[in-house]
Amino acid sequence: MSSGLMSFIWEGLANTLLLTVFGALLGLVFAFIAGLGRSSERKWVRGIAMVYTEVFRGFPSLVLLFVLIFIIPTFGFQLNPLIAGILALALNIGAYAAEVVRGAVKAVPPGQLEAAIALNFTPVQRLRKVILPQAVVAMIPPFTNNLIELLKATSLVSLVYISDFTFAAQLIRASTGETALVFFGLLVGYGIIALVFTTAMKLLERMAARSLGRTVPSGLFGRKEVAA
Amino acid sequence: MNFEWSGVWDAMPTMLDGLLVALTATGIGYVIALVLGLVFAFMRRSESRWISMPVGFLVEFIRSTPLLVQLFFFFYVLPLIGISVSPLATGAFALGLHYATYTSEVYRAGIDGVPQGQWEASTALNLSTRRTWTNVILPQAIPRVVPALGNYVIAMFKDTPQLLAITVVEMLGGAIAIGSETFRYSEPIAAAGLVYLVVALLMAWVARMVERRYGQVRV
Amino acid sequence: MTTTNGEFITFDGVHKSFGKNVVLDDLHFSVGAGERVTLIGPSGSGKTTILRMLMTLTRPDRGTISVDGDYLYHEKSGDQLVPASEAHIRKVRSRITMVFQHFNLFPNMKVLRNVTEAPIHVLGTPKDEAEAKGKELLELVGLGDKLNAHPSQLSGGQQQRVAIARALAVDPDVLLLDEVTSALDPEIAAEVLDVLRDIAKSTDVTMLLVTHAMKFARDVSHRVLMFNEGKIIEDASPEQLFNEPEHDRTKSFLRSVIDES
Ligand SMILES: Nc1ncnc2c1ncn2[C@@H]1O[C@H](COP(=O)(O)OP(=O)(O)OP(=O)(O)O)[C@@H](O)[C@H]1O
Ligand SMILES: [Mg+2]
């Protein structure tokens, strides 16, 4: 394969990782705002948070991407395509992850909040020192799933001509005529990236569990074998 | 260029055609996902590691790679091995295969959720393996998995726009087709978004109703 | 033993119901500064609810609760009583703390930090000072060697002793103890009660206790209140109440309690 094609692959890979990482970071921000907003004391905050999660979970990410790329400019906002891609992915994954945040916060035993009140922590301290450090540990495994979903969704940007990993593969397919091999290689590539992310998240999970004095059974997939 | 609501309205007939396509793909794909998922779940439980390991690997692999690439793969590769079916059929199959990896996990969790004592009791009553499955395990496992399975219908429906990549004209594809004729993309895309959102929310509501009816069963 | 010095904690016409379940109806009682009062009574009689209301974990429907002249849920505005602001509640609450039946240690903090977190971040105590005092308190409850353990590595009895140290670390004027040994094995419970006995003897903190450990209650309390169906049916010194209860309900209740202290 020529070095020109190779450089497409590297650029595509870089953009895919960029979309995943920044999509995840921005999505995390949306997730925490919306997830914590759902248990706010203010009704309108709860309302906005709920509308966000319901709407963006009901909206196909590809349609969202097209909306940001085709419709938003008609209202006078020109978005850089890569930024539009990150925003679309983050809005979408953030809505799912918001449910994770909400569930994890709700799952912290009520006695923890009561103890924090008994020690006269401020509401912000209760959240920051007691609730979140425990809830975050419970968020990591479902966040891992969210991250993989996000990685997969990044491939959609190739349909709006952003040169990600999938787009690079399309170019290579067009110029070499190798179809089966290129797409199979692409799948393997995504599989490897997913494995790297999953492994990193497993490490994070184990570290987080240790912060609560717990241990997580080792093993890459961490699932128990089932006897029939 | 500004946004004309009338353009959204004008796109609706095309959207309804597209909706039919999207629902067809979802329906066929869902049946495939339900059946194939069960097959995967059983194979992963196989006592032979020669079956359970590769199937487990395959399931993890399909689940962690993009549906879009899988669509391309089948779209281009199936004809090469002499299978020529319509793009819609290819799309529904790829969708079904992709989501079978999710449903297989749901089945697995449902089956694992049946208490060990139920297996032991079946053994004690000398039930055959088949009878244990059909009369004891599955009747208890299925109610547990209904809500999760319902959610995947919605997820699959929301993935149907990706089928436009393999020339299937669902709603987003229809919107782009209109755009390429009228040179106005915003309105038809907004129409597609609106219909997707409404139908997905409607499905979520139905799923919640189903869950309320069947999901409550406890053992 | 001296008992009441005026009215330090006052419940005045307090009413609480959960849905149709009227738990407390027009409750009046007061506790003097430094007094240790045990609440006893059958399950569901509202003992926990009283402590939780003092801790501002459960809001009364009607009536007032005051601590050292400050209303807990109300503020004076002119000569009107208006619902208290969060700032006012925090100010009054700063004098009160509670030890729970299920310890509720923070699993994300090691033992010493469980004890020092509130002094440092709520009271503003300098870190080294808070840590020195925290170590001293953990020493006092017999856990001087567990400073860096995770709560999950401790037994229930040890966790509860940390919780006691954590409560004492904020220097409360009022300490609430709700069945602090009910979740423990009898032998372990006895150890925790011994720690509490020592603490009771050496401080003048006002304590409200709910316990089924009658011998312990008799040892540490100045006064015992017998609750039944949300009302105080007997209010007497421990000698009086345990030796010669007046009320038939008290007699039958005391007979039914298996004492493990
Ligand atoms: N959050 C709540 N929601 C509904 N009902 C409640 C709640 N908390 C307490 N109750 C009810 O209030 C009544 C009094 O409860 P409380 O916990 O104060 O009793 P208690 O005297 O502490 O009993 P026990 O000895 O069992 O601890 C009970 O009937 C209980 O069911
Ligand atoms: Mg109680």
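# Briefing: a ligand shell, salt bridges and a surface patch

α1(C) supplies the largest share of the shell around ligand 1, with 3 residues. This is a predicted model: local features need pLDDT of at least 70, side-chain atom pairs count only at pLDDT 80 or more, and totals for chains, interfaces and linings use all residues. Residues are numbered from 1 along each chain as its sequence is written, chains are lettered from A and ligands numbered from 1 in the order in which they are written, and side-chain values use heavy atoms, without hydrogens and water. Helices (H or I, at least four residues) and strands (E, at least two) are DSSP runs, numbered from the N terminus.

**Around ligand 1**

- The shell residues (a heavy atom within 4 Å of the ligand) include Phe18(C), Asn21(C), Pro42(C), Lys47(C), Thr49(C) and Glu179(C).
- The shell divides into 3 nonpolar, 7 polar and 2 charged residues. Here Ala, Val, Leu, Ile, Met, Phe, Trp, Tyr, Cys and Pro count as nonpolar, Asp, Glu, Lys and Arg as charged, and the others, Gly among them, as polar.
- A polar backbone atom of Gly46(C) is 3.0 Å from an oxygen atom of ligand 1.
- Lys47(C) places a polar side-chain atom 2.8 Å from a ligand 1 oxygen.
- For Thr49(C), a side-chain N or O atom is 2.5 Å from an oxygen atom of ligand 1.
- Alone, ligand 1 exposes 630 Å², and the protein buries 58% of that. Accessible areas come from the Shrake-Rupley method with a 1.4 Å probe; for residues, only the protein chains shown count as cover.

**Helix α1 of chain C**

- Because 6 of its 8 residues are buried, α1(C) is largely enclosed by the rest of the structure. Buried means under 20% relative accessible area, exposed over 50%, and partly exposed in between (1.4 Å probe, protein chains only).
- Among the buried residues are Lys47(C), Thr49(C) and Ile50(C).
- Thr56(C) follows α1(C) and has a positive phi, near 60 degrees.

**Salt bridges**

- Side chains of opposite charge can pair when their charged atoms come close.
- Over all chains, the structure holds 29 salt bridges. Each is a side-chain nitrogen of Lys or Arg within 4 Å of a carboxyl oxygen of Asp or Glu.
- Glu149(A) pairs with Lys152(A), with the closest N and O atoms 3.4 Å apart. They are 3 residues apart in helix α6 of chain A, so about one helical turn separates them. Glu149(A) is partly exposed at 30% relative accessibility, whereas Lys152(A) is buried at 7%.
- Arg63(B) and Glu60(B) form a salt bridge at 3.1 Å, N to O. Both belong to helix α3 of chain B. Arg63(B) is buried at 15%, and Glu60(B) is buried at 14%.
- Arg63(B) and Glu60(B) also belong to a network of salt bridges with Arg44(B), Glu105(B) and Arg108(B).
- Arg197(C) and Asp219(C) form a salt bridge, their closest N and O atoms 2.9 Å apart. This pair links distant parts of the chain, helices α6 and α7 of chain C, 22 residues apart.

**Nonpolar surface patch**

- Val31(B), Val35(B), Val39(B), Met43(B), Trp50(B) and Ile51(B) form a nonpolar surface patch, with about 610 Å² of accessible area together. Patches are made of residues with over 30% relative accessible area and no salt bridge: like charges are joined within 9 Å, nonpolar side chains (Val, Leu, Ile, Met, Phe, Trp, Tyr) within 5 Å.
- α2(B) gives the most to this patch, with 4 residues.
- Val31(B) lies in α2 of chain B and is exposed, at 51% relative accessibility.

Terms used
Polar contact = N/O pair within 3.5 Å; in protein donor to acceptor, adjacent residues only side chain to side chain.
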